[in-house]
Amino acid sequence: MNKQLLRQCWLPAFLLILFFSSESKSNTPGLKVFCKEKNGINYSIDPRIELWNVIMLVAGNPEINHVDLNYKLEIVNRFGKYNHHPVIQFIRKYGPQGKLFTSIDAPVWYMLSVTPDLNWRRDMSNPYEKEPLMDSLRLLVRKFSLETGFSHFFNENADFYDRSLSDLLFNREGDEKQRLLRYYGEKNSKTLKFNVILNFLGFGNFGPRLETAEGRELYAIIAPTGSYANLPTFSLAELDGLIWHEFGHAFANQLIEENMTAFNRCIQLWNPVRSQMASQAYHEWKVILWEYLVNAVMCRLAAERSGENYAELTYERNLLGNDWIYLPPLLSALREYESKRMEYPTLRSFMPVIVRSFQQITPEQIAFLQQKRDNMRRPDVANLPSLGDIYGKKNVLFIVSSKEENAPAHSSLIQKVKEHQKHFFPSAAFVTDTVATGMDLSRYHLFVIGTLQGNRLLQQVITQLPVVVKQTELVVGKKYSGDGYVFMSGWINPFNTQNTMVIYAAQDPEYLINFAQIPRGGTHFHLAKGVITLKAGNYIRRNSVWMCP
């Protein structure tokens, strides 16, 4: 037996001695359970995930999120003194060598492979149990938990955990588990356990899937996007997407693998996106296809629940901007699937059509899809003007509708706009949309106002914004049904990015008559009903694409 093998065999035994000596002296209370069920999904705080994050924070791992929580500071103050603990030294020694984990989500899989009291689970085949280093890590993690009183800390944070779960569940509507199962055509759901775990310190979101003696455990491990009043906040749109995406892998991955021989016939599609996918840690054609299918289904589930406009703005726009250029043909195929569910009762039965949707992509289509991605990334600017930035500018051009269906309201609006112009922009020009479309608009700062039906220029330029204004609904970060809305936004002049544009849009000119009375100015966009503000905020740039949060 060589010396290296001797060291590997000796280390777990040595650590076992350390553990039992610590365990005999411990007085560890039982861990409280923080779990709430809603619509077939269990939402919980998992002590295994929290313990691992505490260790990572003490070890100085940079993959701790940047969310401002007192909880994080409490961990630093309570556990920081253990930064020379054996488990910290062990991780610092073997972690950088890649001998523990080789992917960012591997620690999550690892911690879910042990019980809350950190023994190996016996209800599943465990790939880590026979690896000496991984068993040593488990024993050291348990030693850390016992010696630092982690269970006391976990139980003492009951109020924080309960409130975090309650806040998250307050806005959880709809049976997304059943929506997902129906779409994939999965009926044997009794053996599936859907679990969402709040990952307070985590950097990123993960979707482990475990095969156990009782069935499959599906997880969505979610990190907060911010905080308010010392509680974590989660984007509802991102949460829905995570649930559809992470749980969807349990079905999509298998469907891809069953058809890999056919998919490999179009492996040439990988080359145009190889570097972009690699930058997102997707290095295999099979893995890229997994992501394509779960992302596409996610988009279609969003459309089913909240409409096509919402799905396009919230999910498709971001994905296309992030170089998932083959998404449009895949979405077209899935629309066909939805219209022919009698013929294709399950997504598995439809997979030959999905394969063909990839195989039929030509070099000319690739160029078209790349151009579509580039268009989605416009305007390519670092900052956008706010609503109020146009005030004080010279060379402003007001552009109003030449005609509106509601003629009396249109006449009143024109009068109000002229009054506003004379008061704040006495030197500004004033034209109708029909005149403006024949002008060189690059010279001006634009003030465009009206309805999409009446103002042709407004109809043209608003398509660049990450919002939708329709007669029966608006999508401004989320869907607003009905009418009576006024949407106002700052943007760049699409004919000259050095100049500013503001738009004031409504479903009827009547809703715009009192536009000047609506408090506004400090943000990129403003949504009101009457003169009452519903939402105001700033656009964000994600994956080179401007999005409305």
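User: In this predicted model, what makes two strands count as paired?

Analyst: Two strands pair if DSSP finds at least two bridges between them. The structure examined here is a predicted model, and the cut-off for pairing is therefore at least two bridges.

User: In what order do the 3 strands of the open sheet stand, and which of them are at the edges?

Analyst: The pairing within this open sheet is antiparallel, and the order of its strands is β11-β12-β13. Because β11 (468–469) and β13 (478–481) each have a single partner strand, one side of each is left without a neighbour in the sheet, so the edge strands are β11 and β13.

User: Which residue stands opposite L474 in β13?

Analyst: Strand β12 (residues 473–476) runs antiparallel to β13 and is joined to that strand by 4 bridges. Across this pairing, the residue in β13 that stands opposite L474 is Y480.

User: At about what angle to β12 does helix α14 run?

Analyst: Helix α14, which spans residues 308–321, lies across β11, β12 and β13. Its direction relative to β12 is given by an angle of about 10°.

User: Which residues of strand β4 are on its covered face?

Analyst: In a regular strand the side chains alternate between the two faces of the sheet. In β4 (residues 209–212), R209 and E211 belong to the uncovered face, and R209 stands opposite L218 in β5. The covered face consists of L210 and T212.

User: How many of the 9 residues of helix α9 are buried?

Analyst: The buried residues of α9 (residues 176–184) include E176, L180 and Y184, and among the elements covering such residues are β2 (41–45) and α10 (236–258). Helix α9 is mostly covered, and its number of buried residues is 7.

Methods
Residues numbered from 1 in each chain as written. Predicted model: local features only at pLDDT ≥ 70, side-chain atom pairs only at ≥ 80, totals over all residues. Heavy atoms only, no water. Buried < 20%, exposed > 50% of the residue type's maximum accessible area, 1.4 Å probe, protein only. Helix = DSSP H or I, 4+ residues; strand = E, 2+ residues; numbered from the N terminus. Contact = heavy atoms within 4.5 Å. Axes fitted to C-alpha atoms, helices over the stretch in contact; angles between N-to-C directions.
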